[in-house]
Amino acid sequence: MVPEPTELDKNWNYVQEGIHKLTRILDGKPEQFTTEHYIMLYTTVYNLCTHKSFNEYSMRLYDKFKESFEVYIDSTVLSSLIDKQEEFMLRELAKRWNNHKIMVRWMSRFFNYLDRYFVTKNSLPTLNDAGLTCFRDLVYRQVCGKATDAVLLLINKEREGEQIDRALLKNVLGLFVDMGIGEIDFYIEDFEGRMIDDTGAYYSRKASKWILNYSCPQYMIKAEECLKKETDRVLHYLHTDTEPKLIEKVQHELLVVYANQLFEMEHSGCRALLRDEKVEDLSRIYRLFLNIPQGLEPVATAFKQYITAEGKLLVQQAEDAASNQTANGGAQEQVLIRKIMELHDKYEAYVNDCFQNHTLFHKGMKEAFEVFCNKTVAGCSGAEILATFCDNTLKKGGSEKLSDEAIEETLEKIVKLLEYISDKDLFAEFHRKKLARRLIFERSAGEDYERNILTKLKQLYGGQFTSKMEGMVTDITLAEDNQNSFEEYLGSNPQIKCGFDMTVNVLTTGFWPTYKSSDLILPLEMARGVEVFKSFYNRKANSRKLTWIFSLGTCHLNGRFEQKTIELVVSTYQAAILMLFNEADRLNYADIIAQTNFTDGDLVRLLQSLSCAKYKILNKETNTKTVSRTENFEFNHKFTDRLRRIKIPLPPVDEGKKIIEDVNKGRGFAVDAAIVRIMKSRKVLNHQQLTLETVAQLRHMFKPDVKVIKKRIEDLITRDYLERDEDDPNVFRYLA
């Protein structure tokens with residue numbers, strides 16, 4: 001039997017009375033639902049939904065469910081909000097929204113059966129969503145503008161230091177989020193956009209005042225505090241998705257807009273902070289600008305420029321001191337390297353600590369050091385100066401008495417500085433020359449140190465960079481064993497006598513620098529010793545040829561003067577001249593050159609060291625600083641000195657020019673090899689690409705000149721390694 005409409009209305013009246021009771025409870029009336037009442041309401045709805053006309057009743061029940069919300073909102077909620085303003089309106093809105101959510105939850109329980117079956121089957125909005133939609137359409141759309149204004153007012157009060165009710169804002173903004181029913185579109189459109197714009201305007205006003213009244217560090221402290229407070233604001237009542245937009249806006253207004261003005265402040269900008277070593281302030285700048293696109297670039301540029309200026313000043317001071325100095329040559333260059341190391345330590349600490357190893361600052365520091373580390377000082381290139389400093393460190397009895405730890409640390413710093421030297425091949429050649437002298441003349445501080453730096457260089461630049469130098473160190477070790485064998489040979493053959501103590505270093509030609517060998521006529525005593533060693537060596541290695549380099553030899557002679565005998569430490573060349581005076585008291589220039597076979601240039605230099613320098617072992621006719629080819633020389637019997645052993649040095653010879661010439665020659669071969677390697681793999685390349693790839697391959701050792709590359713390409717064409725394309729002369733082909 002189909003029930004009469006009045007039956008549905010009667011049942012609905014019972015349900016509606018339950019709804020009215022719920023609204024009274026929400027309004028604070030001292031009532032409550034009993035279990036029996038709740039069950040009866042649920043059962044009433046259930047009976048209507050399961051009636052044979054359930055489709056008609058269910059739809060009407062669904063409509064009445066929404067209608068009951070509309071009536072309640074219109075009669076109670078809107079009237080309570082309409083006259084209230086600002087914070088009072090927000091409190092009422094938060095209260096009504098909380099009540100509404102409770103009402104939706106309870107009514108959804110009453111109508112649970114309707115929700116579970118009818119709503120699901122007909123793909124209608126759930127009862128919960130329908131209830132929220134009623135509030136959104138009838139309340140939210142009317143008050144969201146006023147609510148946003150009120151929220152923004154409270155936020156700005158908080159920014160000005162006033163205490164506000166954060167829980168209230170969290171509830172109100174939760175309403176904005178809930179209106180999206182699973183999305184935050186309403187929150188974004190109705191609140192977030194306006195809040196971001198209002199934030200921008202607020203901080204724009206603040207920044208325009210702060211920039212006039214505060215120094216850069218003070219301004220940065222203010223900015224950091226503001227950013228922390230905005231982040232805290234998100235944590236307490238804003239939606240988490242707002243944080244990146246909010247922070248970006250604050251960063252823009254406080255930092256991006258005034259970045260250049262802040263960094264360039266005369267007394268407190270980046271340069272001033274670097275000058276005054278304001279580590280904490282620099283760290284703060286790094287933190288603030290780290291997440292701003294291109295934000296750190298001006299800081300890194302200022303960092304680079306400041307280091308460059310400091311380095312150039314050190315170079316200029318060394319240049320000025322070198323031009324005015326009366327001390328030993330090269331002293332200022334050594335001081336310069338020490339100061340550059342200190343500078344590097346200082347700014348490396350800045351990069352590590354203040355700038356958290358950021359690549360921009362590593363790059364800026366590298367480019368800065370490359371500028372002044374490659375400057376020339378007193379005619380010496382950066383590569384030569386660094387090699388000389390390294391030599392001084394590794395030399396026994398160098399200018400500084402360093403502990404083992406200090407030597408190790410200094411070697412580490414030398415290798416770091418070498419990274420900035422563009423002509424690494426030039427450093428390698430200077431280092432090899434100086435290593436040779438240390439090893440041959442037994443001036444090295446120790447084999448361990450020599451191998452230590454070679455290991456570091458090998459790790460960075462490969463085995464080819466250090467192979468010859470490693471061979472030199474090994475040669476000296478083997479030479480010691482060879483010398484021990486020679487002494488055993490002499491001991492076991494007493495009939496063979498050298499006539500003097502003789503030490504010989506047998507070295508491998510390919511490892512060592514090229515030295516000039518001469519057809520020196522040795523004194524008989526020396527010649528006898530040479531023959532004895534040849535005889536010994538031929539027994540063990542008769543397939544090898546010995547070439548004697550007398551220019552590297554050292555002799556200890558006893559000079560018998562009138563007052564006392566003095567031990568003279570001289571070169572083999574000097575000894576050959578002095579020993580001529582064992583047979584004659586007086587010799588002229590022509591006699592000496594005939595008996596020794598020296599060249600004019602060598603003999604003049606040797607006679608100057610013996611007759612014109614500090615120790616005048618020989619007397620000459622004229623009292624001048626130069627040697628004439630017509631002069632006579634006599635042994636100075638009256639020579640004396642407070643020491644019993646003196647070293648008579650030769651006038652220094654500048655080998656730098658020849659080393660540079662040799663390196664440039666080697667670079668030509670390196671360019672040839674690089675071009676051939678590239679063309680062999682690429683087969684066809686145009687001139688620009690070939691030049692760029694050649695520079696890229698070689699720049700780890702030196703910066704090849706584009707003109708040199710062009711010249712070597714032409715040379716390879718003439719030697720049939722390459723050919724020009726018939727249609728385009730700027731394109732080259734590899735000839736297999």
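**Group meeting: contacts and charges in a predicted model**

Tyr449 counts as buried, because its relative accessibility is 16%; buried here means under 20% relative accessible area, exposed means over 50%, and partly exposed is in between, with a 1.4 Å probe and protein chains only. Before I go on, this is a predicted model, in which local features need pLDDT of at least 70 and side-chain atom pairs count only at pLDDT 80 or more, while totals for chains, interfaces and linings use all residues. Residues are numbered from 1 along each chain as its sequence is written, and side-chain values use heavy atoms, with hydrogens and water left out.

Back to Tyr449. It is found in helix 20, residues 447-461; helices (H or I, at least four residues) and strands (E, at least two) are DSSP runs, numbered from the N terminus. Tyr449 and Leu411 are 38 residues apart in sequence, and their C-alpha atoms are 8.5 Å apart in space.

A salt bridge is a side-chain nitrogen of Lys or Arg within 4 Å of a carboxyl oxygen of Asp or Glu. The count by this rule is 50. Which residues does Lys456 bridge to? One is Glu408, at 3.2 Å from N to O. Another is Glu412, where the closest N and O atoms are 2.7 Å apart. Glu412 lies in helix 18 and Lys456 in helix 20, so this pair ties together parts that are 44 residues apart in sequence. Lys456 is buried, at a relative accessible area of 13%, whereas Glu408 is partly exposed at 30% and Glu412 is partly exposed at 35%.

Next, aromatics. A pair of aromatic rings is described by the distance of the centres and the angle of the planes. Rings of Phe, Tyr and Trp (its six-membered ring) pair if their centres lie within 6.5 Å; planes under 30 degrees apart count as stacked, over 60 as edge-to-face and the rest as tilted. The whole structure has 31 aromatic pairs. In one of them, the rings of Trp97 and Phe135 have centres 5.0 Å apart and planes at 50°, so the pair is tilted. Trp97 is in helix 4 (residues 86-110) and Phe135 in helix 6 (residues 127-159), 38 residues apart. Trp97 is buried at 2% relative accessible area, and Phe135 is buried at 0%. Phe486 and Phe533 form an edge-to-face pair, 5.0 Å centre to centre with 70° between the planes. Phe486 sits in helix 21 (residues 463-492) and Phe533 in helix 22 (residues 524-540).

Last, the backbone. Most residues other than glycine have a negative phi. Where does the model have a positive phi in a residue other than glycine? Glu277 has one, near 55°, in the loop between helix 12 (270-275) and helix 13 (279-289). Gln356 has a positive phi of about 50°, and its place is the loop between helix 15 (331-354) and helix 16 (359-373).
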